Amino acid sequence: MFTSWGVETAKTFTRQQLQAALEAFDSGAYGMVLRAKGIVNGGDSWYEFDYVPGEYELRPRSADVTGRLVVIGAQLKEAEVAALFGL
């Protein structure tokens, strides 16, 4: 059975923070993450990302009203996923 975790956030993320979080999903420490996507404030720019196991894309985009994060998988450890993003 798949579950999803999602949140809206005004938190600012650096590109390096996002890369580290997306790469951490491959460790299995957050459950079996099958997909993650989001739009977040990067301070001087905004980022949009997509993740599937073993691969992610992180790209600049135009500003949005608020950031959004979504993680989909099996046996997700939601508290750990939130902590990974500092939420």
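Reader: Where is Ile72 found, and which strand is that?
Author: This is a predicted model, so read every value as computed from it. Leaving aside its neighbours within four places in sequence, Ile72 is in contact with Thr3, Ser4, Met32, Val33, Leu34 and Arg35. Its own place is in strand S5.

Reader: Is Ile72 buried, exposed or partly exposed?
Author: Buried means under 20% relative accessible area, and exposed means over 50%. Ile72 has 32%, so it falls in between. Ile72 is therefore partly exposed.

Reader: How far apart are the C-alpha atoms of Ile72 and Phe2?
Author: Along the chain, Ile72 and Phe2 are 70 residues apart.

Reader: What does Val71 contact, beyond its neighbours within four places in sequence?
Author: Val71 is among the residues of the largest nonpolar core that touch the most other members. Leaving aside those sequence neighbours, its contacts are Thr3, Ser4, Trp5, Phe25, Val33, Arg35, Ala36, Leu76 and Val81.

Reader: Which residues of the largest nonpolar core touch the most other members?
Author: The core holds 21 residues. The ones touching the most other members are Trp5, Leu18, Phe25, Val71 and Phe85.

Reader: Which elements each supply at least two residues of this core, and where does the largest share come from?
Author: Two helices are on the list: H1 (15–24) and H2 (78–84). Strands S2 (32–41), S3 (46–52) and S5 (67–74) also supply at least two residues each. The largest share is 4 residues, and it comes from H1.

Reader: How many aromatic pairs are there, and what is the geometry of Phe25 with Tyr30?
Author: The count comes to 5 aromatic pairs. The ring centres of Phe25 and Tyr30 lie 6.0 Å apart, with the planes at 85 degrees. Planes over 60 degrees apart count as edge-to-face. So the Phe25 and Tyr30 pair is edge-to-face.

Reader: Are Phe25 and Tyr30 buried or exposed?
Author: The cut-off for buried is under 20% relative accessible area. Phe25 has 2% relative accessibility, so it passes. Tyr30 has 15%, so it passes as well. Phe25 counts as buried, and Tyr30 counts as buried.

Reader: What kind of pair do Phe25 and Phe85 form?
Author: The distance is 6.1 Å centre to centre. The planes are 55 degrees apart. That makes the Phe25 and Phe85 pair tilted.

Reader: Which parts does the Phe25 and Phe85 pair tie together, and how many residues apart are they?
Author: Phe85 counts as buried, at 2% relative accessibility. Phe25 lies in the loop between H1 and S2, and Phe85 in the segment after H2. The pair therefore ties together parts whose separation in sequence is 60 residues.

Reader: Which residues do ring pairs link into a cluster?
Author: Phe25 and Phe85 both belong to the cluster. Its members are Trp5, Phe13, Phe25, Tyr30, Tyr51 and Phe85.

Reader: Where is Thr9, and is it buried or exposed?
Author: Thr9 is found in strand S1 (residues 3–9). Not counting residues up to four places away in sequence, Thr9 touches Thr66, Gly67, Leu69 and Leu87. Its relative accessible area is 8%, so Thr9 is buried.

Reader: How far is the backbone oxygen of Thr9 from a polar atom of the Thr66 side chain?
Author: Thr66 is found in the loop between strand S4 (55–61) and S5. Leaving aside neighbours within four places in sequence, Thr66 is in contact with Glu8, Thr9, Ala10, Ile39 and Trp46. From the backbone oxygen of Thr9 to the polar side-chain atom of Thr66, the distance is 3.1 Å.

Reader: What pattern does the chain follow along the sequence?
Author: The chain has 2 helices and 5 strands. Read along the sequence, the pattern is β-α-β-β-β-β-α.

Notes. Residues numbered from 1 in each chain as written. Predicted model: local features only at pLDDT ≥ 70, side-chain atom pairs only at ≥ 80, totals over all residues. Heavy atoms only, no water. Buried < 20%, exposed > 50% of the residue type's maximum accessible area, 1.4 Å probe, protein only. Contact = heavy atoms within 4.5 Å. Core = buried A, V, L, I, M, F, W, Y, C linked by side-chain atoms within 4.5 Å. Phe/Tyr/Trp six-rings, centres within 6.5 Å; stacked < 30°, edge-to-face > 60°. Polar contact = N/O pair within 3.5 Å; in protein donor to acceptor, adjacent residues only side chain to side chain.
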